[in-house]
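Have the viewer open as you go.

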Amino acid sequence: MLPLGRQLDATVVARWVREVRAEAKRSAVGEDRVITTEKARSRYYEIVLRALDSRPPGADHAMIDYSYEDLYRRAGHKSPSTLYFTFGRGAKHALADRLPDETRRAVGASDMVRTVVMELKTLSHWPYRQGWLDALAGTDDRRFAAETLVRVLADWAGANPRLAAHADYMPAASAVEDLGVICGRRTPAADITAFLARVLTTSVGPRATSAADVLDLVHARLMAVLGFDRPGYVLEIVRRLDEPIGEVGYLVSQLRPDDRAAVRAELEARLAALNEVVEEERWA
Amino acid sequence: MGMRFSDRPLSDAEARLLARNETALHRAETTGELCRLAAAHAAGAAELGPGNPVVLLVECGLEELRGRTRTVRESVRAWEDLLGRAGKVLAEDHPVLMSIRTQYIRHRRMRGTRADLDHGVRAYRTEWQWRCERFGEDHQRTRAIRANLALALRDRNGEGDLPDALRLLEDELAHRLGRYGTGHPFTWVGQLVLAQTILRAVEEDAAGTRAGLPAPDAERALRLSQTVVDVRNSRFGRADGATLRAHLVHAHALLTSGRAADATGELHHIRATARRSGVPLEPGWAEVLLARAQSVTGDPQASRTAREACRRRLDHFPVDSVQVAEALTLLDRLGALRP
């Protein structure tokens with residue numbers, strides 16, 4: 001299997017963002033064909049953000065209280081054609097079109113407005129994702145990757161509480177896809193989305209004190225989503241120990257008996273600690 | 001409410017660094033390994049400038065971790081320097097500056113001289129009053145400082161300090177249980193520091209009764225600390241620093257409840273686990289408790305353990321600190337018991 005970092009680099013959303021960024025650059029240097037689409041894309045994102053910013057502090061930001069007609073009218077368009085050309089089915093750079101059906105349905109991009117919101121959330125979260133990947137570099141530790149994904153998502157939500165809550169706490173599509181990769185694609189997208197929505201609800205709610213605390217609050221559920229409450233993953237790691245344990249066995253056989261005692265003591269201490277955990281009756 | 005870093009939108013570069021920091025911290029908090037965090041800081045300072053709030057936040061995390069392997073005096077100097085630099089570029093109520101200010105007060109208090117302990121109480125009280133006015137009494141940052149004030153009072157232990165500390169912490173725990181619930185890390189911290197303070201009160205001969213509070217109860221401290229041990233064990237595993245710290249309070253509660261043999265067993269386990277996993281505990285804490293437990297059970301190792309406690313404390317705290325005084329007093333007492 002590819003290392004985790006390479007898998008995360010090759011997700012649908014990662015490829016989409018690279019394309020959209022490339023288009024935005026071409027738009028900036030004035031390629032006419034591109035200008036209209038990219039300007040429209042940015043324009044629609046701004047309209048959603050302005051709609052959120054204009055709400056009073058106690059408003060329900062989870063709610064969408066505007067329609068697709070509101071979107072294209074506020075954009076100064078007389079018809080929805082630009083909206084559909086930019087975000088709709090068959091549009092060249094529509095994220096909704098790229099995502100697998102299961103993911104698109106799970107994320108909740110069920111209509112044009114929610115599709116725009118989905119793209120906006122994904123792009124807003126993107127620099128956070130990049131920072132997460134910067135620090136993940138080289139690790140294949142799935143628990144570490146998942147736990148830090150949650151902390152970083154919580155940070156994004158803390159900095160963008162209204163956007164995080166919007167459209168019923170829809171998570172960034174990148175986070176849904178990334179957690180799916182980390183889970184080895186064994187967990188349904190709907191379960192992942194529901195879990196990440198809970199992360200967002202917690203992050204913008206009254207009990208949010210820090211990203212680390214948000215992780216603590218949802219951690220038990222994260223372990224279930226990852227499937228770590230079942231033996232599959234830990235057995236996978238145990239089997240990976242065959243090689244280093246085999247090497248230890250070979251190297252120990254090269255030692256004098258006196259020197260083997262020191263190795264035995266180190267091994268016994270570790271096995272004793274592991275045995276204590278294995279025999280702990282937490283579920284009793 | 002509690003997590004907003006800044007009132008202005010973060011730039012993409014700042015957001016990226018914030019996330020990189022959050023991720024690097026996750027590993028560093030467990031392993032104490034600084035490299036990734038140091039690399040994030042260097043990259044951030046080069047791109048955004050050393051005075052950028054996110055860069056200062058990363059530096060904050062770095063200094064906390066560096067504190068594990070240097071003396072308290074060195075840490076106080078480092079935090080004082082960081083406070084001076086951050087104070088020039090950040091508003092008084094910026095979350096990063098507030099964190100740095102708190103850390104400076106905390107480390108200065110940890111330096112442990114009488115003047116430092118007095119300063120801790122004054123500084124936390126001032127900070128608390130300022131936060132009450134700025135954010136309100138029930139804001140999480142105000143509540144956190146209030147608990148710190150209680151700890152400063154407890155450790156100063158002047159006339160009336162311990163009953164005041166108990167009162168503040170009882171109120172604080174009630175608030176946290178009501179607002180955050182039993183399953184929240186903020187509540188767990190409240191439970192643990194109250195347990196420690198109850199144990200101090202028990203050992204100081206029930207100071208709380210004079211203040212109209214219930215008599216300090218070692219069994220209650222045992223229950224409170226057991227709760228935190230269980231949740232942290234479940235969440236972090238038995239070898240994590242947070243779990244081991246809760247375990248130390250639990251062992252202390254066993255000792256104070258008259259179960260010295262059980263306390264000894266637990267303390268041996270804690271020390272072995274910390275050694276194996278490379279988790280740093282507050283220098284001398286486990287050794288002081290172990291020496292006391294061993295002296296109760298008549299274990300001849302008690303003096304040797306007390307000497308180790310003194311050595312660890314002298315390596316980390318100033319010679320005129322209360323922490324060193326505690327270890328030396330214990331050694332003295334055990335030495336006096338030798339025939």
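The expected span of a helix is 1.5 Å times one less than its number of residues; helices are DSSP runs of H or I with at least four residues, numbered from the N terminus. This is a predicted model, in which local features need pLDDT of at least 70, side-chain atom pairs count only at pLDDT 80 or more, and totals for chains, interfaces and linings use all residues. Residues are numbered from 1 along each chain as its sequence is written, and chains are lettered from A and ligands numbered from 1 in the order in which they are written.

**Helix 3 of chain B**

With 14 residues (53–66), helix 3 of chain B should span 20 Å, and its end C-alpha atoms agree because they are 20 Å apart. Its buried residues (20 or more other C-beta atoms within 10 Å of their own, C-beta atoms being placed from the backbone) include B:Val54, B:Leu57 and B:Gly61. The buried residues of this helix pack against helices 1, 2, 4 and 5 of chain B.

**Where the chains meet**

Contact means C-beta atoms, placed from the backbone, within 7 Å. Chain B brings 30 residues and chain A brings 31 residues. On the chain B side, helix 1 of chain B gives the largest share, 12 residues.

**A helix pair**

| Pair in chain B | Angle | Axis distance |
|---|---|---|
| Helix 14 (285–297) and helix 15 (302–316) | about 165 degrees | 8 Å |

Helix 14 of chain B is therefore roughly antiparallel to helix 15 of chain B, a term for angles over 145 degrees. Their contact includes B:Leu290 of helix 14 and B:Ala309 of helix 15.

Key. Contact = placed C-beta atoms within 7 Å. Helix = DSSP H or I, 4+ residues; strand = E, 2+ residues; numbered from the N terminus. Buried ≥ 20, exposed ≤ 12 C-beta atoms within 10 Å, placed from the backbone. Axes fitted to C-alpha atoms, helices over the stretch in contact; angles between N-to-C directions. Parallel < 35°, antiparallel > 145°, perpendicular 65-115°, else oblique.
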